[in-house]
Amino acid sequence: METTSRVGAQAPAAEGEQQLPSARCTVDGYLRAPFPWYGLDEAFTGPRWLMQVGTAADGAVEHGSIGHGDEPSVRIEAGSVGEPREKFAVVITVAAHPSRRSADGTGLLEATSVSSSAWLAGVGLLSFTWPGQMDHSLRDDWLEQQTEAAWALADDLDGPEWSRLSLPVDGIAVPFHYRESEFGWVLAGSTEAGVHLGAYGRGMSAYGLGFAVVKDIGAYA
């Protein structure tokens, strides 16, 4: 399989540093991207909000996330009786490019691929997941193990953990890699617009989703 990069992915936040929507990016980072942003298509009529952008070593915008539905918080207990069920889907756009020299000429930036978007989606879901039954002293170890597991899964998209799911992108059916877990679902694929797409969510079925270019990302300002 093609060598992939974690393209600036951020691991789940440490205890007391959870990635809450209040810390999400302004629109400025999104406006600097040289590629189109994707979100759910117009069939989704709920709230939409910006999250974060990621950059390469040379400062170029590499990827970013747009949320849809309920703004997620860390899920403390899986399946607790009476627990509010958040419904959200986050769409990640990743610039598709081969390995290339950095802007300052000092090194090489690794290629991105569908695995890059799968990795970002897997880690994104982890950032809003925490099994409350586990002792807090073990949390860092759990996060490290789960993050490495997400990377291993993303690097084996043809493995048994993944199935295929066809979803519309700009009105055209596109094949995606899809997997579910007790914490939610993750999917990843590519578009003809020069970007890879990743997505994750829970409480909202992935089977009825469609994706489309965001016509005016500035409207989120």
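Student: How many residues of α2 are buried?

Tutor: Buried means under 20% relative accessible area, exposed over 50%, and partly exposed in between (1.4 Å probe, protein chains only). In α2, 13 of the 13 residues are buried, so this helix is largely enclosed by the rest of the structure. Keep in mind that this is a predicted model: local features need pLDDT of at least 70, side-chain atom pairs count only at pLDDT 80 or more, and totals for chains, interfaces and linings use all residues. Residues are numbered from 1 along each chain as its sequence is written, and side-chain values use heavy atoms, with hydrogens and water left out.

Student: Which residue caps the N-terminal end of α2?

Tutor: Ser 113 does, with a side-chain oxygen 3.2 Å from the backbone nitrogen of Ser 115.

Student: Now a loop. Is Thr 191 buried or exposed?

Tutor: Buried, with a relative accessible area of 15%. Thr 191 sits in the loop between β9 (184–190) and β10 (195–202).

Student: And what does Thr 191 touch?

Tutor: Contact means heavy atoms within 4.5 Å. Not counting residues up to four places away in sequence, Thr 191 touches Tyr 38, Val 169 and Leu 197.

Note on methods. Helix = DSSP H or I, 4+ residues; strand = E, 2+ residues; numbered from the N terminus. Polar contact = N/O pair within 3.5 Å; in protein donor to acceptor, adjacent residues only side chain to side chain.
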